[in-house]
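These are my notebook entries on one protein model, written down in the order in which I looked things up.

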Amino acid sequence: MRTWSSSLLLVLGISSAIQLAQAATGVLSGITDIRITACPEDNCSIPGYRKVPQDLNKYSRGSFVHLHFADDEHQPEEDNDLLALDTAQEQRKRKGRHDRKRRRQQHPITQLAVQQGQDADMGPEWEKLEGNLNDGNRGPVLTMFVKRDPSQAPVDSIVVKYGYDSHAAIGYDRLPLDLNTGTGGQWVYLYYKKSGPREPITHIATKACTIAPCIMDDSWTRINRPIMTGTFKRYLYLFYKSVPGERPITSLSLGLQRQDDSGDENDDMDKEILDTGIRFKDSNIFVSLKRGQLGEERLHAVDNIAVELGSNQIPYRWNVAAFEGESKGEEVPDWNAQVIYRTGHKALPVVPKLRFKENGSFKIVQFADIHMATGPHSCYNVPSTMECTGDINTLEMMERMLEAERPDLVVYTGDNVDGLSSKDAYATILKYSKPVVDRGIPWTIIFGNHDEEGDLSREEMMRSVQDIPYSLSERGPLGISGTGNYVLSIYNHRHRGHSWGGMDSLRKDDKSQFTLYFLDSGAYSFSLEYPGWDWIKEDQVEWFRQTSREITSRYQSDEIPNALAFFHIPIPEYDLTEPEDAPPEDGDDEDDDNGKNSRKAHKKHRKDDDDGRVVGDKGERVSSPSYNSGMFDAIFESRDVRATTAGHDHVNDYCLDHRGINLCYGGGLGYGSYGSASFPRRSRVFEILKNGQRVDTWKRLDDPEMTVVSLQTLFDGRKSDQGVEFEEQQSGPTSSPNRRPSHLTPNDVWESLRKGGQYVLGGDN
Ligand SMILES: *[C@@H]1O[C@H](CO)[C@@H](O)[C@H](O)[C@H]1NC(C)=O
Ligand SMILES: *[C@@H]1O[C@H](CO)[C@@H](O)[C@H](O)[C@H]1NC(C)=O
């Protein structure tokens, strides 16, 4: 701890530059408050707080106990401040307000702990939270404590997972105590992540088990996954701990050592060999580590270790634990994965504000439904002549797109991770972002319905994405539904010689000229009245309305910047192209050997059917929610949004002009999910021109020529010039959304299914 503050200063020096750059989008923010609620029904919520969905009393017959957390950026009483503000003055003002508020109120939480017993007390530095994590069950009282230490990095993400073998994304720490201790219920663990450096690791141990749970005493943290499985029906885990004042570990490696070699050649005094006790053929499996000197821990110490499955991507500025002593020509053991470690905390590269080029253009490439997985994955619905090996083809298409279009921003519009085939979603995220990160292109994501079906939650994936260079994605306000509701702004070109760096943002005329809205459209409906796909919730629609109002009110009415909106599941208005009585044609997909993923044949949409309102193809039914939450009306009534783009339907790729708003699809790109052999995978481009006044769009096909199709101008001019009536309707949305659904829990749906209910999900999107 002695060297902590001086090197923290070092770290802060770098990271304040990052904060300056990220201020435009207001990225990571520390958790400022955690509350525990206990309700007899599963209906507790706290306005402005994010509810952690997992019940901490799972299967233990108590109340429904939930954690809720808030960050300072998004306190409910500051609703009007949630928005990305334009000028540096405003940002500084806002930051000042927050700083004052923080000082007045509280520094973000930097450490968490849970203790057993009614009278648990951890001393004056720790704040005891109200509530018992074992409320209403037969277990001991469990009390949660938080610490706010201004010299430490804030906790900025919390997740709860079930099961003794649970793990969270790389970089999350687990509280040692099971939050359902002593109840006989489900194992419940809390994981948290901090945005800055962590304690240097000083001890490593291994343990091999044949039966679960494979654990050591609570002073040790187990690394999320076993480093070996299978070979001997045994699991080999790594454990670590951090003891202040001990010499830190600076590197580690794994290997095999022939028994006749043991004891020899180890003349490196700083190297330690840990015999795992597991033999392979005539060798021992060992872990070797090196220690550094006290005092250099912040720069060189290992502060994080993880095990990654089936991936050759490693997180930014991590190292792979080398494998030593290959057994000579013999088989190698069944390594489950690669062990990776991080030394020190290093800042991400600065992402400058998004700006128009000198000629007033800005190009966005949309990667829709890439459906990537851990490992090679597979190919669906491709022509029999095509050599397709899975994600490699998807990645190649992405690279070709980036080379052909050289975009200024890339947007992954959901179903980025094919959850069900991703054992390691973190590795999959690293894989799909690599082509963009390698080229230094800013990128951003929203979630689809499949991302969360793997090992990570939306919360963990969003937080993980934020640790990858050039990412502009944000979690968004905690008090509304969904993860990833946020705004990005595109600014004027910065003229050379005018000013530079931080000074640039002080210019009065540095106003945003175009707005991009991102919304999380959820996954599946839990409503019996409106089964099928999820929808953008009313609180998100309201957030959009408020945000748009706030942004547009800063401009003269003839200067309001145009905007685009991105979401995954198409809103119901996308469906207007459905021919009234044409029955769906059945497929001619030649290579459709997987019935589950078969689709109707792709059918050219006849433009004259719709008076030229549709450009592009419709090859399947529109899979939108059966409930209309009023998002279209909010968009229609906004003063800025001119067009939207969605994903979800892989063989629909059209833009439909509905009441002057263009509703577009990206067109599916991933080979690892359904498509059509007669409909090449594709990707959409939006080129914003004339400093935001005009937007052109087209698609490129994954063919040898990267054929451009459906080039069209979506709009030219400002929305206010288009004679659209903006009067807000006090009496509610114009196209009369369905009445409000009553929400059911997954359990209700399950019950209904058991009773022979008609709850059926839509297609396989
Ligand atoms: C939860 O539901 C119960 C019973 O339906 C009701 O009495 C209670 O007021 C609800 N609590 C909240 C916080 O909505
Ligand atoms: C604008 O300039 C960029 C290079 O800075 C060029 O690639 C692009 O084609 C130009 N666009 C137009 C519309 O002139």
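I began with Ala565, which touches Tyr517, Leu519, Ile635, Val641 and Thr644 when residues up to four places away in sequence are left out; touching, or being in contact, means that the C-beta atoms of two residues, placed from the backbone, lie within 7 Å.

Before going on I noted that this is a predicted model, in which local features need pLDDT of at least 70 and side-chain atom pairs count only at pLDDT 80 or more, while totals for chains, interfaces and linings use all residues. Residues are numbered from 1 along each chain as its sequence is written, and chains are lettered from A and ligands numbered from 1 in the order in which they are written.

Entry on the core. I then looked up the largest nonpolar core, which has 142 residues, and found Ala565 listed with Ile305, Tyr517 and Phe566 as those with the most contacts inside it. Helix H5, residues 425-438, gives the most to this core, namely 7 residues. Such a core is a set of buried Ala, Val, Leu, Ile, Met, Phe, Trp, Tyr and Cys residues joined through C-beta atoms within 7 Å. I noted that a residue is buried if 20 or more other C-beta atoms lie within 10 Å of its own, exposed if 12 or fewer, and partly exposed in between.

Entry on the whole chain. I read that 46% of the 765 residues of the protein count as buried, and that the protein has 10 helices and 33 strands; helices (H or I, at least four residues) and strands (E, at least two) are DSSP runs, numbered from the N terminus.

Entry on strand E25. Is this strand, residues 512-518, enclosed or open? I found that 7 of its 7 residues are buried, so strand E25 is largely enclosed by the rest of the structure. Strand E24 (residues 486-491) is joined to E25 by 6 bridges and runs antiparallel to it, with Tyr486 having Phe518 as its bridge partner in E25. Two strands pair if DSSP finds at least two bridges between them.

Entry on a sheet. I next traced an open sheet of 3 strands in the order E4-E6-E5, with antiparallel pairing. Its edge strands are E4 (111-116) and E5 (126-128), each of which pairs on one side only. E5 pairs with strand E6 (residues 142-147) over 3 bridges, and Trp126 has Lys147 as its bridge partner in E6.

His371 is found in the loop between strand E21 (362-367) and helix H4 (391-405), and its phi is near 45°, a positive value in a residue other than glycine; His371 counts as buried because it has 31 C-beta neighbours inside 10 Å. Arg659, in the loop between strand E29 (655-658) and strand E30 (661-665), also has a positive phi, of about 50°, although it is not a glycine. With 15 C-beta neighbours inside 10 Å, Arg659 counts as partly exposed. Asp703 lies in the loop between strand E32 (694-701) and strand E33 (708-716), and it counts as exposed because it has 10 C-beta neighbours inside 10 Å. I also noted that the C-alpha atoms of Asp703 and Pro680, 23 residues apart along the chain, are separated by 7.2 Å.
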